Amino acid sequence: MLEIFSYGDAGWGDEILAGLAITMQLAIATLPVGLLIGFGAAFASMSRYRGLRMIGFGYTTIMRGLPEILTLFVVYNGVGLLLNIVAKWWSPDGGNIEFSPFAAGVTALGMVFGAFAGEVLRGAFNSLDDGQMEAGRAIGMSPRQVFLRIQLPQVWRFALPGLGNLWINMLKDTALVSIIALDDLMRITKVAVGVTKQPFTFYLAACLIYWAMCVLSEIVLARMERRANRGIRRA
Amino acid sequence: MNPLDILIQYWPRLLDGTLMTIKLTLLGAVIAAIISPMFALIRANASPVAQAPLRLYISFMRGTPILGQLFLIYYGSGQFRPFLQEWGLWSFFRDPFNCALLAFALNSTAYQTEILRGGIMGVARGEIEAAKAIGMRPSRVLRRIVFPHAYRIAWPALGNEVILLMKASALASVVTVFDIIGRTRQIFSRSFDFSVYLWAALIYLCITAIFVLLWRLGERKLSRHIGAQSDSRTILNPPEGPKA
């Protein structure tokens, strides 16, 4: 029974590990993209300018209301079309450009992560104590210094639980890229099922691997939260 | 082609897909809503040993992709085909709609159980003691005191869960259920007109918006006795009693 998961030609162990590596690469590549979009969305929705606020609010509201799989299809098909239009305009004789599934996955998952992270970060900025910013300005800190020394370290503390949840959700959402033909854990599993005709065994194995990743993430996140709150006295 | 032409030409299919999405979401949410109160009571009151299987189930459902759960049920059932045929269950698992519904109901049960558990734990202890003191039987305490309060506390989070379930129902298209996404992909593969995706997005946003409005109405109805200040904030932070 277990030899189908063995390493090498006979088993699927090495293929599944390769798929797992793609899944992890995708998640790790998405995180900075998503955080960047999240900060952008948070700053936009807290901006002095009405227009920017509307854009930030609209982006987070719309993206959070759409199924992730729809975002993925729109990015995969839409950006591909757009790239080709631009390429045709640039050089009419050039061939078609392929928008890689990996890039599409990072873009789409990052956009979803960013929309949710924008809300988490906005909430974190709002829960900062105003007196501390005033105190910072009063002792002559520049806005930049106030941001870097007072706001950012504490936003991290407030936002960490929410961002941790988003990370786990995103880890699970990476399974969606298997639909657009990226050889991640889920798609390799599908290939293995096609060959071995043991769908339950393999999908259960894939689910257990995702489960292990999520539980592991939870443990690491709990540690990070403890560390982030080490200077805080609990009421 | 003009985006409006796509809508005029294909609206019956999109409408069909919209109804399928609503059907999947509502059925899944309702089935989960029937099972989860029992589970939530176990989670809130039973001993840790008795809770262990339930905790394992909830952790699995929350720690694995819904796509994986769907594949496990839809494709995975094929591995047990002779057994299922013997029991007469094969015709159930052969239908992708049934499998998708089962996956979504199981998944939503796990989430709704945890949300409702939070609500039950948030009910003020004094109220339960008062009910016992005036001689209510345990079943009546549950019906008249615990669950009305628990649902009021859990209501906004339950609404979020239904919206998440609606978003997740889009995955049913992967196992050939023709919901909004399924129809959209079908139309796209024929017309190669990208605007159909934007129409799909608009439909999802409309469903969400209408649902949020209806849910707020329900919330107002649940808390009408609390009086004029009963906005969502007082529901989320009940003025008395420990927080969930």
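Helix H6(B) is mostly covered, with 19 of its 26 residues buried; a residue is called buried if 20 or more other C-beta atoms lie within 10 Å of its own, exposed if 12 or fewer do, and partly exposed in between, the C-beta atoms being placed from the backbone. Helices (H or I, at least four residues) and strands (E, at least two) are DSSP runs, numbered from the N terminus. The model is predicted: local features need pLDDT of at least 70 and side-chain atom pairs count only at pLDDT 80 or more, whereas totals for chains, interfaces and linings use all residues. Residues are numbered from 1 along each chain as its sequence is written, and chains are lettered from A and ligands numbered from 1 in the order in which they are written.

H6(B) comprises residues 96-121. The expected span of a helix is 1.5 Å times one less than its number of residues, so the 26 residues of H6(B) should span 38 Å, and the end C-alpha atoms are 37 Å apart, in agreement.

The chain to which this helix belongs, chain B, has 11 helices and zero strands. Along the principal axes, the C-alpha atoms of chain B fill a box of roughly 70 × 50 × 25 Å. Of its 244 residues, 35% count as buried. Among contacts in chain B with a separation of 6 or more, 78% are between residues 24 or more positions apart; a contact requires C-beta atoms, placed from the backbone, within 7 Å of each other.

Chain A meets chain B through 30 residues, which are in contact with 26 residues of chain B. On the side of chain A that touches chain B, helix H2 (50-65), helix H3 (68-90), helix H7 (185-196) and helix H8 (199-228) of chain A each supply at least two residues. H8(A) gives the most, with 11 residues. By type, this side of chain A divides into 23 nonpolar, five polar and two charged residues, where Ala, Val, Leu, Ile, Met, Phe, Trp, Tyr, Cys and Pro count as nonpolar, Asp, Glu, Lys and Arg as charged, and the others, Gly among them, as polar.

A:Leu70 touches B:Ala170, B:Ile181, B:Tyr197, B:Ala200, B:Ala201 and B:Tyr204, when residues up to four places away in sequence are not counted.

In H2(A), the residues A:Gly56, A:Thr60 and A:Met63 are buried. They cover an arc of only 80° around the axis, and therefore lie on the same side of H2(A); the arc is that of the directions from the helix axis to the C-beta atoms. The buried residues of H2(A) pack against helix H1 (13-45) and helix H4 (101-126) of chain A, while the face turned away from the buried side carries the exposed residues A:Arg50 and A:Gly51.

Two loop residues of chain A remain to be considered. A:Ala181, in the loop between helix H6 (143-173) and H7 of chain A, has a phi near 70°, a positive value in a residue other than glycine. A:Ala181 is exposed, with 10 other C-beta atoms within 10 Å. A:Lys197, in the loop between H7 and H8 of chain A, has a phi near 60°, a positive value in a residue other than glycine. A:Lys197 is exposed, with 11 other C-beta atoms within 10 Å.

How values were computed
Two residues are in contact if their C-beta atoms, placed from the backbone, lie within 7 Å.
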